[in-house]
Amino acid sequence: MKINSPLEVYQYLPQTNCKECGEPTCMAFASHLIDRSIKLEDCKPILEDAYKEKYQELNELMAPEIAEVTIGVGEHVVTVGGDDVMYRHQLTFFNPPAFALDVWDTMSQSDLIERVTYIRDFKKFYVGRFLTLDMIAIRSVSGDPDTFKQAVTLVMEHTQLPLVLCSLDPAVLQAGLEVAAEKKPLLYAATKDNWQGVYDLAIEYNVPVVLFAPDDLDTLKSLAVTFLENGYKDLILDPGTNPQGRSLRDSFENFLMIRRAGIKEGQNDVAFPLMAVPMTAYMTNDDPVSASYWETVLCGVFTVRYGDIMILHSIEPYALLPEMHIRDTVYTDPRTPVKVDSRVYKVGSPDKDSPVFVTTNFALTFYTVESDLASNEINCHLLAVDTDGLGVEAAVAGGQLNGKNIADDFKKGNFDFSNKTNHNTVIIPGLAARLQGDLEDNSGLNVMVGPPDSGRIPGWMEKNWPVEG
Amino acid sequence: MTKKITLSKLNDLLKDMEVEALEGVTIEGDIELEMDAIGGLNPQLAYLLGQETAQIAGHLINISQLLGYPVDQLLGKPLIDDSKRVAQPKELIPSTFKVNKMEEWTNEIQEVTLGASSSDGGTRKSIITLGGENALPYYFDSPMPHRNHITMDVFDMPIGMAKAVKSNYEDVMDSPAEWAKKNVKEFGADMVTIHLISTDPNIKDTSAKEAAETVADVLQAVDVPIVIGGSGNPEKDPEVLEKAAEIAQGERVLLASASLNLDYERIAAAAKQYGHVVLSWTQLEINAQKELNRKLMKQCNVNREDIIMDPTTAALGYGLDYAYTNMERIRLAGLIGDDELNFPMSSGTTNAWGARESWMINSPLKEDSDWGPREYRGPIWEIITGLTLALAGNDLFMMMHPASVAVLKEITKSLHGSHARNPVDISNWITTKVL
């Protein structure tokens, strides 16, 4: 954004401190606008006619350095781009890269339906939510418009996920648009050879478009400038993803150069989201495991360095899991506290016979343990000890998790074992085994040592619960 | 070209054009709309209404949709052909792309050499140099003089490890020397790390002297540079590493590690006395790293060329975001001039195997999609953990699984530009036939 202090932002706000946005003052609202933790539209007064000009000016000043492009409609809409910084610690990255998994128009109907359904439903639980996949990329392998249209139709019958229509032939793309235009798919791609036809389609159907100029940044920029000069700005840039060797390094450099030009040097002509195509790994690896591994590696490289949307082929869990996790790693907001409230949580509906577990208030640790318990239908109480957001192993080593503070946190949470349980027993994590005696001394409770990984609690329960005597 | 028009006038206009279907839409107030020449123009409707009103039409269709009017039904099947399109651009506008190099990166990362050959008082056949960069890894701003290197783990006793890892070492687990050999000869390790974990009083309490003999065996078995790791017990490690440093005199090993929670002065003194390099290990805290490096240099008089940092590695999904950003911040600080942070970095990438995704057979959560075969999941977990840190600036990787080592080596060499492979024509990747 072109503005960087709350005071500058404040000049444009109504300055009435009306509190409608939920903030106590307009200045507080301004500081949230600067760190992008609130939207300008949350200020209702500024949307009124009286402030129209200020709203528009401020909106322009606050636009992110890298344009945001929206694909799809409705609840599955995907937004890509929107970054303001080169490194995540400088603010945070916005809009995690959209993962588009491919299908192709020469697949059999049943194969295509099975693949689309799998992609649509794939999910992995992580820190209180599910990681999922975002889009379907439909590749025209046949080159035939009708065949492509049928594939697009079939995909749309089985998923609401946004689409990428992939062909270098405008006639094929148009066939896809005839059935998919209202879902606002992404067109892939306009090149130096076909750009006029693709430009016509983008204008006619008002859909975003990828500009593709492999290994040629001058041409890529020419395409962008031409589209922009002719009034079209829903653009995504693909400088090419070479899968191997020295040319892979060239592709990597291209991503760095374009992003630096956009963010650091304010070159608006190239300040667009970038597309990477890790599935080019399949052009050089015949063995399916090697190809999938290499695709995951490319996905990792371009997730860390500036890819905003990717086309991927492998649907093996050993590809999807690390890909979704590296994306979360890079795009998780470093400013968000990673602690949960320190208190005694109920999992399911515990009674006096139910076990009582202890973990730490590090969000990742807590949600992992909590979901392991809930998923296995173990009714229990779970104390999140205040370790200042450290995991069990680190907190034991650093002294933030000890017998005294476990006992204290039960007291603070008004959890009286003689009242709430009839076993007077607490179960500590296996990684905190050495605290057993310390906790017994501090609490007077019967202390049991659970497994080192909460995923093994169900097996541990079978052997050790209910507690004897 | 911009025209301004009010919505109510638009409605009148629409009536004039006998597009009856929009009649009855009531619009309250006079909302002023900005209309630019191109955006949103729909040639289809332009055709229906005639070229002159094309600009208005483009917006009308959007407005109508906003108001919930089924414009698409009104339009029906596309009626245009190419000859009816409004004027379109004919030529690409020529452009040249340029971007500047980073002027701020003025400070070089310290070069550090591991291993000493006979001419330098050691017996190593290969010598490894890390550091020397003037940019983030693989950036075009400045060449990266040395590629990343990988040191593979050896333990001085059989230990519990993930099944996928263990299957590679079952035949050598009882002999650190054979294990080290296998790492170098079969798995292409650049270096080996001997972890003296049995010295922990809570494990076997092996004596420092006995542990030093294991180090001698490993030095005898391989001719690559080595890393010597203690057990992590802060009371015992100084003594263990002193004896190990003594027996490895002149070999320029990496002593792992000096940290703020043990007597780092003894580790530093041993490294100085016997000609080794110190691994400066802190836990995900850039300021602690700065403090320890400063103490090693100012208080213990360790030379700059004898320090490598380990700012701690957390596994993918288990804090890698902290480890990544910590390393990236350290490297950036070094490049712009912080002389207490511009050292090569090392990562305990093996920590990736602590992530349950790397070793569990199935997800413990019923709601998760199937996790697939773990023998493929584990190595890629280690690869992606390492790769992410490579991109942040890490130079040396301590690793475990042979497949992970091979793939991480290939990708880091590729990005480094030292891995020649034939280029592939990607211009029509769309039609790639894959199973």
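Student: Before we start, which residues count as nonpolar, charged or polar?
Tutor: Ala, Val, Leu, Ile, Met, Phe, Trp, Tyr, Cys and Pro count as nonpolar. Asp, Glu, Lys and Arg count as charged, and the others, Gly among them, as polar. This is a predicted model: local features need pLDDT of at least 70, side-chain atom pairs count only at pLDDT 80 or more, and totals for chains, interfaces and linings use all residues. Residues are numbered from 1 along each chain as its sequence is written, chains are lettered from A in the order in which they are written, and side-chain values use heavy atoms, without hydrogens and water.

Student: By class, what lines the largest cavity?
Tutor: Eight nonpolar, three polar and five charged residues.

Student: New topic. How is chain A divided?
Tutor: Into domain 1 (6-61), domain 2 (68-331) and domain 3 (344-464). These bounds come from an automatic or database domain assignment.

Student: How far apart do the C-alpha centres of domain 2 and domain 3 of chain A lie?
Tutor: They lie 44 Å apart. Four residues of domain 2 of chain A are in contact (heavy atoms within 4.5 Å) with four of domain 3 of chain A.

Student: How many salt bridges cross that interface?
Tutor: The rule (a side-chain nitrogen of Lys or Arg within 4 Å of a carboxyl oxygen of Asp or Glu) finds zero between domain 2 and domain 3 of chain A.
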